[in-house]
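I opened this notebook to keep track of what I looked up in the structure, and in what order. The entries go from contacts to rings and then to strands.

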Amino acid sequence: QVQLVESGGGLVQAGGSPRLSCAASGRTFSSYAVGWFRQAPGKEREFVAAISRSGTNTNYADSLKGRFTISRDNAKNTVYLQMNSLKPEDTAVYYCAARRTMAITSTFERNSDFGSWGQGTQVTVSS
């Protein structure tokens with residue numbers, strides 16, 4: 001399994017635009033589809049965005065389309081989540097997850113689709 005480490009979180013003012021990174025270990029990162037999820041206090045972990053192995057296909061939670069952008073650089077073994085126009089309700093722990101797959105263009109959305117998870121990075125949005 002690939003090891004994942006998220007970074008880029010912290011305290012952000014409303015309207016801010018931080019970028020989260022998810023760095024993966026190993027030499028086969030291009031064999032993994034990746035997803036971002038988040039969990040707010042007292043709530044279940046929810047899907048944020050996903051990207052295929054090749055990076056050509058992406059998918060987003062309907063409520064976040066237009067504000068968040070997922071991308072990847074397989075040469076750097078890293079997936080990014082650009083977050084724009086943040087709101088206090090975006091406050092959560094953000095997790096990246098990876099799934100090894102033969103499907104080059106598929107994206108995945110369910111928690112159960114992923115076998116490898118990072119430890120999460122806290123994003124707190126102040127009003």
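Predicted model: local features only at pLDDT ≥ 70, side-chain atom pairs only at ≥ 80, totals over all residues.

Entry 1, conventions. I take contact to mean heavy atoms within 4.5 Å. Residues are numbered from 1 along each chain as its sequence is written, and side-chain values use heavy atoms, with hydrogens and water left out.

I listed the contacts of Y94, leaving aside neighbours within four places in sequence, and found E6, L20, W36, F37, R38, V48, F68, L81, M83, G120, T121 and V123. I then looked for the nonpolar core, meaning buried Ala, Val, Leu, Ile, Met, Phe, Trp, Tyr and Cys residues joined through side-chain atoms within 4.5 Å, where buried is under 20% relative accessible area, exposed is over 50% and partly exposed lies in between (1.4 Å probe, protein chains only). The largest such core has 36 residues, and W36, L81 and Y94 have the most contacts inside it. Strands are DSSP runs of E with at least two residues, numbered from the N terminus; at least two residues of this core come from each of β3 (19–24), β4 (32–39), β5 (46–51), β7 (68–73), β8 (78–83), β9 (92–100) and β11 (121–126). As background I note that nonpolar side chains tend to be buried together in soluble globular proteins.

I paired rings of Phe, Tyr and Trp (its six-membered ring) when their centres lie within 6.5 Å, calling planes under 30 degrees apart stacked, over 60 edge-to-face and the rest tilted. By this rule I have five aromatic pairs. Because F37 belongs to strand β4 and W117 to strand β10 (residues 116–117), the pair ties together parts that are 80 residues apart in sequence. F37 is buried at 0% relative accessibility, whereas W117 is partly exposed at 26%. F108 and F114 make an edge-to-face pair, with 6.5 Å between centres and 85 degrees between planes; F108 is buried at 15%, and F114 is buried at 7%. F37, F47, F108, F114 and W117 form one aromatic cluster.

I count a charge as over a ring if NZ of Lys or CZ of Arg is within 6 Å of the ring centre and within 35 degrees of the ring normal. R45 meets this over W117, 3.8 Å from the ring centre, and also over the face of Y95, at 5.3 Å.

I require at least two DSSP bridges for two strands to pair. What is the order of the open sheet of four strands? I read β1-β3-β8-β7, with antiparallel pairing. β1 (4–7) and β7 stand at the edges with a single partner strand each, so one side of each has no neighbour in the sheet. Within this sheet, β3 and β8 run antiparallel and are joined by five bridges, and A23 stands opposite T78 in β8.

Eight bridges join β4 to β9 in antiparallel fashion, with W36 opposite C96 in β9. β9 also pairs antiparallel with β11 over three bridges, where A92 has V123 as its bridge partner, and with β10 over two bridges, where A98 has S116.
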